[in-house]
Amino acid sequence: MKENIEKYTNDLIHESSPYLLQHAHNPVNWIAWSDDLFENAKSEDKLILVSVGYSACHWCHVMEHESFEDEEVAAIMNKFFICVKVDREERPDIDQVYMTAVQLMTQQGGWPLNCITLPDGRAIYGGTYFQKEQWMQVLKSLEATYRQDKDKVIEYAEKLHEGIVTSSIVRDNFLSENESTQSLNADLQELVQRWAKNFDSVEGGPSRAPKFMLPNNYSFLLKYGKENNNDKVLNHVKLTLDKMARGGIYDQIGGGFSRYSVDMLWKVPHFEKMLYDNAQLIQLYSEAYEFFPNREFKFLVYQTISWLQKEMLRKDGLFYSAYDADSEGVEGKFYVWKLAEIKTILQEDFEFATEYFDFSQKAQWEGNIILLRKNNDGFLKQKFGLTDDELTLKIAKVCELLYNERKTRIWPGLDNKCLTSWNAMTVCGLVHAAQVFEEEEFKLLARKNLRAILAKAKKDGNLFRNLTGEEPKIHAFLEDYAHLIQACIAYYSIDFEIEYLLEAKNLMESCIDKFSGDESLFYFTEKSTKMIVRQMEVHDNVIPASNSVMANNLYVLGQYFELEDWRNRAKNMLQSVKVGMVQYGSSYSNWAMLALNFTQTTHKAVIVGENHLELARSLAQNKNYKGLIVSGNEANALISKDKIAANKTLIYLCDDKSCKAPVESLEEINIHLDN
């Protein structure tokens with residue numbers, strides 16, 4: 001690669017994405033995606049080669065080294081194709097379209113994603129990783145077929161395009177309010193029963209590998225289990241969170257989770273660490289701690305937030321995107337150990353480490369040790385005669401010694417992109433941790449992060465996605481709006497500064513204008529998009545579907561601002577996916593969270609008067625009143641000025657556009673809730 005750096009430079013050198021910059025010295029004449037791409041391709045009558053990946057993708061690096069750095073391969077690519085490199089994290093809209101095409105063609109997908117299209121962008125062939133010889137043969141064959149039988153190729157592209165368009169359409173399926181409300185409890189019960197058949201009752205999570213964490217799945221199952229007193233579901237959540245926390249998928253000494261486990265045991269991770277996973281897992285483990293007050297969960301939350309601050313935080317308050325799986329060209333090398341190395345580092349603390357970590361055969365991987373947690377806190381306290389505080393200090397010391405040694409190694413690559421949606425998810429995680437653990441530092445970190453997003457992402461009436469460079473240039477997608485709205489609501493719920501709730505409302509109004517279609521669901525891209533198809537994202541995955549996040553936002557903002565149209569739209573969106581939700585719960589868990597809300601009576605505490613902010617914060621922190629929507633008087637149209645008494649702070653409990661007689665203390669709220 002050294003020779004290539006000196007010899008080649010392509011158009012990607014002008015990009016800010018680390019993934020694109022990694023390919024800037026390939027002999028391939030890569031270009032970035034642009035609005036005039038299709039016009040240029042048509043004028044040259046060239047096929048387009050769209051290659052999609054991301055910086056922490058191991059097999060993306062492998063294919064680059066084997067093919068894209070190879071001059072023989074590059075000569076074929078440059079001669080016959082317009083070669084476009086795409087960072088899927090910057091441009092999820094492009095990734096969605098061509099991933100759908102490849103999945104329709106091959107029934108599978110993944111990254112690197114390589115798709116060949118006509119000059120107008122319609123796909124004709126695709127796949128994931130190709131070995132060098134296979135890749136060259138594919139390219140030559142496609143070019144020859146296009147030149148020799150163009151009509152047949154175009155006919156195939158038309159049929160495939162129809163499939164992509166059809167797959168992106170979700171029709172509304174409206175039901176009456178009474179019918180839908182009555183059926184939701186039964187739907188959720190059936191959903192969980194179906195889902196439970198695939199629970200791994202030994203190691204937690206799903207009953208197959210690889211195992212992705214899917215935090216929203218367990219947030220829903222936790223809430224469902226609590227509200228329905230379902231011990232089977234709650235036990236599965238607890239088992240899963242315990243196993244994940246003690247497995248190799250969690251960085252036992254530095255904090256933070258890797259993307260997924262390649263095995264059933266949560267032992268061997270795919271070692272890249274993504275911001276979006278850890279943002280959601282901070283929230284999940286904080287929520288779980290409230291129901292399972294487990295010291296290990298608290299330690300994990302604090303350690304992971306510490307990792308974010310040490311390794312992922314930019315000076316302005318934004319967080320970077322990811323760390324690579326590889327260092328020195330070897331996957332996981334940065335994170336694994338030799339036992340002799342650990343003994344030398346820990347010395348007198350090694351005895352404790354043999355009980356804290358698992359150094360048995362179970363921890364072995366390719367001649368190294370992956371650090372796994374062995375025993376729980378209760379065992380360690382008893383064996384070593386430690387108090388809670390002493391145990392915390394002991395664990396911290398052992399982790400710090402190993403972490404400081406690890407810092408001297410060659411680090412994996414950092415993807416220093418700062419994305420609006422991923423940062424907004426981090427705000428939500430930090431807010432939940434701040435609420436559960438009453439930790440002011442977490443709240444201040446969330447505030448700084450949110451203010452940095454709003455300062456950087458908003459410009460000239462638009463919202464932008466990639467906040468890395470001096471000037472943002474990629475317009476935000478539905479995902480960015482959805483998670484930023486959610487972050488503003490979350491922060492309002494802890495600090496009750498009205499500007500954040502109003503910001504959420506304004507962003508929602510803008511989103512409705514820019515992303516709405518004929519149905520109640522939202523498109524992923526703005527009306528002005530130049531993609532060959534506008535898609536609707538409905539399946540909850542490692543990141544919840546942008547439409548499910550939007551539906552939850554509409555529900556909550558509809559409650560705050562008494563906007564019946566927004567609440568009805570949220571219900572209609574839920575009805576659109578109801579059939580899929582019941583059959584495939586793990587792919588619709590955030591929708592199921594919304595369904596849970598619609599099965600319950602929502603209470604809203606509206607606090608008015610001179611000290612309304614102070615009382616609102618006290619109410620929000622009180623664990624006995626979880627589930628209430630708490631609102632300050634500036635945010636609510638129900639409370640007129642004549643209901644605000646001089647020198648008094650009053651609490652109104654409001655439901656369905658009416659409010660009960662006010663009370664003056666938190667204790668009196670229970671009287672209303674019981675009636």
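Student: What radius of gyration does the protein have, against that of a compact globule with 675 residues?

Tutor: Keep in mind that this is a predicted model. For 675 residues, a compact globule would have a radius of gyration near 26 Å. The protein agrees with that, so the value is 26 Å.

Student: What share of the 675 residues is buried?

Tutor: Buried means under 20% relative accessible area. Of the 675 residues in the protein, the share that counts as buried is 60%.

Student: How are α16 and α17 oriented to each other?

Tutor: Helix α16 covers residues 377-384 and helix α17 covers residues 388-406. Their axes lie 10 Å apart, at an angle of about 100 degrees. Angles of 65 to 115 degrees count as roughly perpendicular. The two helices, α16 and α17, are therefore roughly perpendicular.

Student: Which residues in α17 does α16 meet?

Tutor: On the α16 side, look at Asp377, Leu380 and Lys381. The residues of this contact divide into three nonpolar, no polar and three charged. In α17, the partners are Asp388, Leu391 and Ile395.

Student: Is cysteine 659 buried, partly exposed or exposed?

Tutor: Cysteine 659 sits in strand β21, residues 658-659. Buried would need under 20% relative accessible area, and exposed over 50%. Cysteine 659 has 24%, so it counts as partly exposed.

Student: How far apart in space are cysteine 659 and aspartate 540?

Tutor: In sequence, cysteine 659 and aspartate 540 are 119 residues apart. In space, C-alpha to C-alpha, the separation is 36 Å.

Conventions
Residues are numbered from 1 along each chain as its sequence is written. This is a predicted model: local features need pLDDT of at least 70, side-chain atom pairs count only at pLDDT 80 or more; totals for chains, interfaces and linings use all residues. Side-chain values use heavy atoms; hydrogens and water are left out. Axes are lines fitted to C-alpha atoms, for helices over the stretch in contact, and angles run from 0 to 180 degrees between N-to-C directions. Helices (H or I, at least four residues) and strands (E, at least two) are DSSP runs, numbered from the N terminus. Angles under 35 degrees count as roughly parallel, over 145 as roughly antiparallel, 65 to 115 as roughly perpendicular and the rest as oblique. Contact means heavy atoms within 4.5 Å. Ala, Val, Leu, Ile, Met, Phe, Trp, Tyr, Cys and Pro count as nonpolar, Asp, Glu, Lys and Arg as charged, and the others, Gly among them, as polar. Buried means under 20% relative accessible area, exposed over 50%, partly exposed in between (1.4 Å probe, protein chains only). The radius of gyration is taken over C-alpha atoms; the globule rule is 2.2 Å times the number of residues to the power 0.38.
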